[in-house]
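Me: I am new to this structure and would like to learn how to read its features one at a time. Please take me through them.

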Amino acid sequence: MAKNTKIPKIPRTPKLAKTPTGISGLDEITFGGLPTGRPTLVCGTAGCGKTLFSLEFIIRGAMDYNEPGVFMAFEEKAHELATNVASLGFDLRTLEEQKLIKLDYVHIDKSEIAETGEYNLDGLFIRLGYAIDSIGAKRVVLDTIENLFSGLSNQGILRAEIRRLFQWLKEKGVTAVITGERDGPSLTRQGLEEYVSDCVILLDHRVIDQISTRRLRVVKYRGSLHGTNEYPFLIDEDGISVLPVTSLNLDKPVSTQRISSGIRSLDTMLTEGGFYKGSSVLVSGTAGTGKTSVAASFVNAACERKEKCLFFAFEESPQQIIRNMKSIGMDLQKHLDKGMLQFYASRPTLYGLEMHLVAIHKAIRKFKPKIVVLDPITNLITVGSVSEVKSMLVRLIDFFQSEQITVMFTALSLNTIVNEQTDEGVSSLVDAWILIRDIESNGERNKGLYIMKSRGMPHSNQVREFVISENGLDLVDVYLGPEGVLTGSARMQQMLQEETGAVLHTHALSRKDREIIRKRTMLEAKIESLRSEFESAEEELNKVYVEEDIKKAVMEENRKKMTELRKGNARDILPTKKNRK
Amino acid sequence: MEKQYQLRLYIAGKTSRSITALNNLKKYCEEHLKGQYSIEVIDLLINPQLAEGDQILAIPTLVKKVPEPVRKIIGDLSNQEKVLVGLDIKQL
């Protein structure tokens with residue numbers, strides 16, 4: 001019955017324990033490091049960095065993880081090793097004195113050894129065991145154990161003993177790195193990979209088109225996930241850095257914050273003032289269209305906002321860029337002095353594409369800029385094919401996004417037909433694409449700038465004329481006339497023409513104005529004369545009235561006088577009046 | 001003047017192979033170097049730190065320190081011919 005059948009619980013086996021190598025990048029690829037307590041084979045051709053790899057494993061273990069290590073060298077003497085890594089800033093002698101590292105040089109000289117009869121390698125076991133126990137080592141390196149084969153002739157014994165050695169190392173519980181020289185199709189000359197089957201790392205040093213690239217690949221990692229790609233790595237003053245080339249997810253944080261492009265008119269074309277923070281911008285154009293100037297003004301604006309910028313120059317030297325930008329009114333030197341700006345100039349042919357990628361990574365991690373400019377990415381083509389450059393840029397953009405760095409690439413279009421040139425195929429990856437193109441007409445060459453795309457924001461669809469002057473960069477509206485787009489002197493001519501028209505127009509206007517004033521004056525004069533006419537008529541009329549009044553008054557006076565005179569005595573008049581009252 | 005031979009035999013515990021080697025060595029010395037040799041047996045299980053000095057890998061190893069040149073013979077020394085040549089007792 002289904003009810004009674006019980007599924008037996010599968011006991012959960014512990015996950016494979018891992019020992020971090022401390023080599024930057026490798027622990028990401030292997031998701032934690034090398035298998036703890038097991039041997040790992042590191043193989044590669046001569047000069048690919050096996051010894052350095054294993055030595056760094058030991059040193060990092062001792063310094064960063066407090067795991068003492070034994071380095072058993074079959075090739076180089078202890079003091080040679082110490083000298084070799086001193087250039088990388090590791091002090092082997094001090095570590096040895098602190099009992100964190102033990103170097104043991106195993107010397108085999110075939111000329112002084114004779115073999116007779118049966119033997120085993122107990123001597124080596126005892127030496128190694130003694131070295132491990134004396135410092136309590138957790139890590140062991142055997143570099144390169146295959147050298148035993150050149151010193152001893154009985155291969156049968158050697159193979160059996162090496163197999164026993166690896167078994168013994170496992171029992172000891174130490175994490176071991178065994179190096180092996182690659183020879184032809186097999187991973188190691190003596191087939192060590194047969195014995196070491198837990199983890200195999202292959203180092204490679206390839207020269208393609210005279211440019212060398214170091215690569216690392218985890219061939220096998222039993223019981224663990226691991227990155228399977230070939231990862232480029234770099235050996236420099238900080239040791240090995242491996243670059244995990246692709247991150248698989250697309251879950252980067254995004255920002256809605258805008259940052260200015262440094263050209264005000266371009267910011268207005270982009271609406272709301274510039275590019276998104278953390279986005280990628282491509283500026284492409286044919287030769288001499290001012291791509292570097294656009295990039296420099298972007299950097300200049302950022303530095304003025306107190307944001308750190310890193311300028312990767314693959315074409316011009318920093319001094320050249322500073323001088324050239326000075327001529328268009330940008331002083332990059334002061335930002336450089338303040339430490340806001342840093343140049344990283346290198347010839348593309350200096351090393352391979354992957355190396356550039358690693359170098360860019362390192363420079364960015366060191367300087368921690370907010371803005372990065374790569375000028376121009378097209379020069380990288382000289383060291384790789386288009387598809388290689390593209391894959392590199394994909395990873396680079398990915399990295400910038402995860403670090404929230406706004407990046408501006410410049411790209412040289414070799415083809416004047418815009419749509420055919422896809423700019424190393426990155427145009428689909430970038431968030432904004434600004435294109436500067438030549439507009440050739442009327443015997444002159446002018447520059448037109450437009451925004452091909454700008455993700456997530458409304459933007460102008462207009463072609464603007466891109467003008468570089470000693471005051472900096474500016475965009476001017478181009479004139480769209482019946483003959484098409486007007487730029488340069490044609491635009492100036494058009495502007496002049498319109499200006500003349502405007503002057504004429506104003507002139508006409510003012511003439512009309514004067515006419516009106518004149519008319520008004522005339523009318524006003526007329527009104528004035530009519531008024532005076534009226535006044536005189538009025539006066540005439542008034543005169544009659546006044547005369548009438550005067551006449552009346554005089555007549556009255558006269559009548560009174562007459563009356564008085566009739567009464568005869570003027571003196572009696574007043575008393576008479578009084579009597580009447 | 002007779003040469004004085006200083007021989008060291010490195011072993012790891014009293015294994016049969018070690019004993020065979022020691023016995024073989026003693027036999028050859030008695031035959032060819034009577035009175036002019038000394039044998040020092042070093043057991044690496046007891047003194048593991050001594051392995052590094054003489055660059056010992058294989059067990060058993062016979063080291064001839066004196067007279068010069070230094071020679072090492074590894075194995076159970078079963079081939080008398082080879083041992084004698086190795087110790088420069090017998091020329092080829």
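Me: How many residues of chain B are in contact with chain A, and how many of chain A with chain B?

Reply: Start by counting on each side. This is a predicted model, and in it 26 residues of chain B touch 26 residues of chain A.

Me: What area is buried between chain B and chain A?

Reply: Here the area is summed over both sides. It comes to about 2,200 Å², and carbon and sulfur atoms give 56% of that. On the side of chain B, the residues that lose the most area to chain A are Gln55(B), Leu57(B) and Ile74(B), together 31% of what that side buries.

Me: How many salt bridges are there between chain B and chain A?

Reply: The count is two. One of them pairs Arg17(B) with Glu118(A), where the closest N and O atoms are 3.9 Å apart. The cut-off is 4 Å, so a pair at 3.9 Å is still counted.

Me: Which elements of chain B each supply at least two residues of the side that touches chain A?

Reply: They are helix H2 (50–53), strand S4 (71–74) and helix H3 (80–86) of chain B. S4(B) gives the most, with four residues. By kind, the side of chain B that touches chain A divides into 15 nonpolar, five polar and six charged residues.

Me: Do strands S6 of chain A and S4(B) run parallel or antiparallel?

Reply: Look at the direction of the two strands and the bridges that join them. Strand S6 (residues 113–115) of chain A and S4(B) run parallel, joined by three bridges. Within this pairing, Ala114(A) stands opposite Ile73(B).

Me: Where are cis peptide bonds found?

Reply: Read omega for the bond. One cis bond joins Asp143(A) and Thr144(A), with omega about -15°; Thr144(A) is in the loop between strand S7 (139–143) and helix H6 (147–151) of chain A. Another joins Ile59(B) and Pro60(B), with omega about -5°. Pro60(B) sits in the loop between H2 and strand S3 (61–66) of chain B.

Me: What is the phi of Asn66(A)?

Reply: It is positive, about 55°, although Asn66(A) is not a glycine. The residue lies in the loop between helix H2 (50–64) and strand S4 (69–73) of chain A.

Me: Which feature does UniProt place at residues 520–547 of chain A?

Reply: The unreviewed UniProt entry gives "coiled-coil region" there. In the model, residues 520–547 of chain A are 100% helix and 0% strand, with the end C-alpha atoms 40 Å apart.

Terms used:
Residues are numbered from 1 along each chain as its sequence is written. Chains are lettered from A and ligands numbered from 1 in the order in which they are written. This is a predicted model: local features need pLDDT of at least 70, side-chain atom pairs count only at pLDDT 80 or more; totals for chains, interfaces and linings use all residues. Side-chain values use heavy atoms; hydrogens and water are left out. Contact means heavy atoms within 4.5 Å. Buried area is the accessible area (1.4 Å probe) that two parts lose on being put together, summed over both. A salt bridge is a side-chain nitrogen of Lys or Arg within 4 Å of a carboxyl oxygen of Asp or Glu. Ala, Val, Leu, Ile, Met, Phe, Trp, Tyr, Cys and Pro count as nonpolar, Asp, Glu, Lys and Arg as charged, and the others, Gly among them, as polar. Two strands pair if DSSP finds at least two bridges between them. UniProt positions are given in the numbering used here, feature names are shortened, and annotations may be inferred rather than shown by experiment.
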